[in-house]
Structures are given as C-alpha cells and as structure tokens.
Amino acid sequence: MRQVLRLFTAALSLSCVGATAAGADTLADHGEVLNIAHRGASGHAPEETMPAFDKAVDLNADYLELDAQLTADGRLVAFHDTKVDRTTDGSGPLSDYTLKELKKLDAGTWFNEKYPYRAKTAFEGAQVPTLRELFEKYGTDQKYYIEIKSPGENPGLTKKLVNLVEEYDLVEADSIVIQSFVQDSLQKAHELNPEIPLVQLIWFHPKGYEAGAPLKEWKKVTPAPNAVSVSDFNAVDEYAVGIGTNMHYKDRQVIDAAFVDTARRAGLGVHVYTIDSMARMQRLIDWGVTGIFTNFPDRLNAVRAR
Ligand code: G3P
Ligand code: CA
C-alpha cells in the first residue's frame, strides 16, 4: 500500500501545474497520508488550546489544524465557533471580545465536564491562544494548517493571516497550509502570496430531507460528487494544491474512490475531515487520499503503521 501511495504522490508532483505554491511539493511528496490534528489533538484535550496543540505535537501529528479568527481589537486567535458559548465560560460573539477580555475566559473546563473520562485538572482555565503565541512556541519546524474561518464576520482576516505567516517565515519553511470554504478568501490569499499552499474546503450535503436526496456542495465550488469532473477540479487547481472534503453527511457516505481518483487526476491532494474511526481511516487510505483530519492523531498513526 505504501508503494501505491508513493506512486500516487509522484504522479501528483508531475501533474501539479496549476498552483505552484512552495509547499505543494511537500504536500505531494510526503509519501504517506498526512496526519492533520483537527483543532489540535482535540479528542484528548480542549480544542484549540495549548494542551490540545501540545498533545498533537507529542503524538507527532504532521500538521496542527486550527481556525483563525479576529478579536474586537484585530488580534488573530485560534477559535472555531463565531460565538464563545460552547467552549468557554463566556457568551456572545467572539468578535465582541478584545484579546484582553478573551484571555480571561476559561476555554478548558467545558471539556472536563463533557468528557469526564478524559478530564485533567491542567485543562481548567486554559486560554484561547493567539496565532503569534503558537508560532512563538512551536516555531517553523512545526507545520500549521490554518483555516480562514467565517471571513464575513472577520473583515481583514485573510490579509492579516498572510502577513503573519510571512512575518514568521512559515512559507519558506514549508510549514503552512491555508484552507477555507470561501473561494474568494483563498483567491485573495493566492493574489497576496502565490507561494502559500492553499486547500479548498468543500462540504457535500443533501438538497432535501428525503432518503437518497441528491447531494450538493455547500458553496457551489464543485458539482455533486457523482457529477464532478477533472475539469471542475482543474478550476480549483488554478489557486489551490488540494481539496478538503467531508466523507459523510450524518450516516450517509458522500464521496467514494472514484471521487478521490478524479481529484487526484486533476493534480489535487485530497484531505478528508474529520475522521476518528480507524476503519474509515483505512478505507480512505485505500482510496488514495493524501491527508486525513482527525481529533485522534494517535489512531491515524496506528493505522499508518500497519
Ligand atoms: O478545516 C477542516 C475542517 O476542520 C472543517 O470543519 O468545522 O471543523 O472547521 P470545521
Ligand atoms: Ca477547521
């Protein structure tokens, strides 16, 4: 299986002519499915806090995945939701909080309460980290896979993010991937710095509620998975080095081996979110995907070691 993957990735490096980002070859030539720690090792520790990122580093994840947003005073922070309610003891929109106010929130205790069997005293009082704190702590040897999250609620986010990854030399170090569901934001990032490897996120869901309703892509980036063609993916390849896609909508499988093959023939990497089942990880590897987002990087490492 490893040999098959290497052949796939070699083919990708030859055919990846649309997007010429610096990290494209790193993504293409890794030779093994990338282990992308979703919101850090967020199955083990509170998402997008230092304990979750530390755990992902300890588990040798290839990338730390995180969602970039802006505070009221324009600071870049790692945070998933547009409201702070679910994962902190605060309430209301993240964008209402200055960094100083956000730092006073407890972003860890919710995890202990929700997952008592994984709770740790050390998680209590965990803070929302800034991206600058993450880059200072882990440096350029660590790779980051950063989502431009909710750009409508975070005006100026793309430019600030590009400026910061440039300030920390993450592009030259091949230590950065930027991802988004929003095509305009990725195209802007590509204009600002065409060397940054970009991943277009897509999400397939049914158009209606009846069983077997046809699927569509959330933001119409591509046609439905059973109708998408190499030329559809070639349009994405103009600015991105890969796609990030869901595998399931609830219990319904939305992509298959043919979908992965079509994207790969267009020269795109295929990264699939968010997979915690080892059986699904193995199936995706057998289909030829090039990366998997997981809350449990240790599980993916175990599958990769088979
Ligand atoms: O970024 C890939 C995946 O994380 C997208 O889903 O909602 O977890 O950001 P979400
Ligand atoms: Ca994300």
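Which residues does UniProt list for "domain: GP-PDE"? The unreviewed entry gives residues 33-304. The structure discussed here is a predicted model.

Taken as a whole, the chain contains twelve helices and 13 strands. Its C-alpha atoms fill a box of roughly 50 × 40 × 40 Å along the principal axes. The radius of gyration is 19 Å, which agrees with the value near 19 Å that a compact globule of 306 residues would have. Of these 306 residues, 55% count as buried. Sequence separation in the contacts can be stated as well: among those between residues at least 6 apart in sequence, 64% join residues at least 24 apart.

The chain carries 33 positive and 43 negative charges, whose mean positions are 5 Å apart.

R39, although not a glycine, has a positive phi of about 60 degrees. R39 belongs to the loop between β1 (34-37) and α3 (50-58). Is R39 buried or exposed? Its relative accessible area is 14%, so R39 is buried, the limit being under 20%. K250 is likewise not a glycine and has a positive phi of about 50 degrees. The loop that holds K250 runs between β10 (248-249) and β11 (252-253). With a relative accessible area of 68%, K250 is exposed, whereas R39 is buried.

Terms used: Residues numbered from 1 in each chain as written. Chains lettered and ligands numbered in written order. Predicted model: local features only at pLDDT ≥ 70, side-chain atom pairs only at ≥ 80, totals over all residues. Heavy atoms only, no water. UniProt positions renumbered as here; feature names shortened; annotations may be inferred. Helix = DSSP H or I, 4+ residues; strand = E, 2+ residues; numbered from the N terminus. Buried < 20%, exposed > 50% of the residue type's maximum accessible area, 1.4 Å probe, protein only. Rg over C-alpha atoms; globule rule 2.2 N^0.38 Å. Contact = heavy atoms within 4.5 Å. Lys, Arg positive; Asp, Glu negative; His and termini not counted. Charge placed at Lys NZ, Arg CZ, Asp CG, Glu CD.
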